[in-house]
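Thanks for coming. I will go through one model today, helices and core packing. Here it is.

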Amino acid sequence: MSRQSNRATDSKKMNSELFTLTYGALVTQLCKDYENDEEVNKQLDKMGYNIGVRLIEDFLARSTIGRCQDFRETADVIAKVAFKMYLGITPSVTNWSPAGDEFSLILENNPLVDFVELPDNHSTLIYSNLLCGVLRGALEMVQMAVDVKFVQDTLRGDNVTEIRMKFIKRIEENLPAGDE
């Protein structure tokens, strides 16, 4: 029986490594296709946004999480449930603004950057920018407009990876006339 659990662990590790390597190939191709890092960063954000728009349905179905009451609860669900579910990590939620509308997710370990070193000629590349787009797209689907950006990155020599999230506004649902 212990052999099966080892296989399951090995399978998860292989899936994680395959995902990491596939993501690396995607970023490499984007670097070849676009002239500068800023364009690559935009493309990664755009791709992430499209993933987030679709991923939120899977998240809500699998997690059975109801509507969050405030931005603090949203931050906890993102860190403790969503990141754990999809990336197998649990970032820390820290650095809250006094107004409670901004916080940081601190990733001690970013699985997207395993096996990665940024070349010198790509110093402005935000390698994991896909994550910012995913968060923005998913939250937009639950009527929250947010600004998401990387503040620190271990690929750039920082000790941790920090993603900063700022609540912009609650998006009002626009129902077609007569559907109220």
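I call a residue buried when its relative accessible area is under 20%, exposed when over 50%, and partly exposed in between, with a 1.4 Å probe and protein chains only. Helices here are DSSP runs of H or I of at least four residues, strands are runs of E of at least two, and both are numbered from the N terminus.

On provenance, this is a predicted model: local features need pLDDT of at least 70, side-chain atom pairs count only at pLDDT 80 or more, and totals for chains, interfaces and linings use all residues. Residues are numbered from 1 along each chain as its sequence is written, and side-chain values use heavy atoms, with hydrogens and water left out.

Start with α4. Nine of its 12 residues are buried, among them L130, G133, L135 and L139. The expected span is 1.5 Å times one less than the number of residues; for α4 that should be 16 Å, and the end C-alpha atoms are 17 Å apart, which agrees.

Now the core, meaning buried Ala, Val, Leu, Ile, Met, Phe, Trp, Tyr and Cys residues joined through side-chain atoms within 4.5 Å. The largest nonpolar core has 34 residues, and F83, L105, Y127, L135, I163 and M165 touch the most other members. α4 gives the most to this core, six residues.

What is M165 in contact with, leaving aside neighbours within four places in sequence? Counting heavy atoms within 4.5 Å as contact, the partners of M165 include F71, I78, L105, L135 and V148. A second, separate core has six residues, including I56, C68, A82 and A138.
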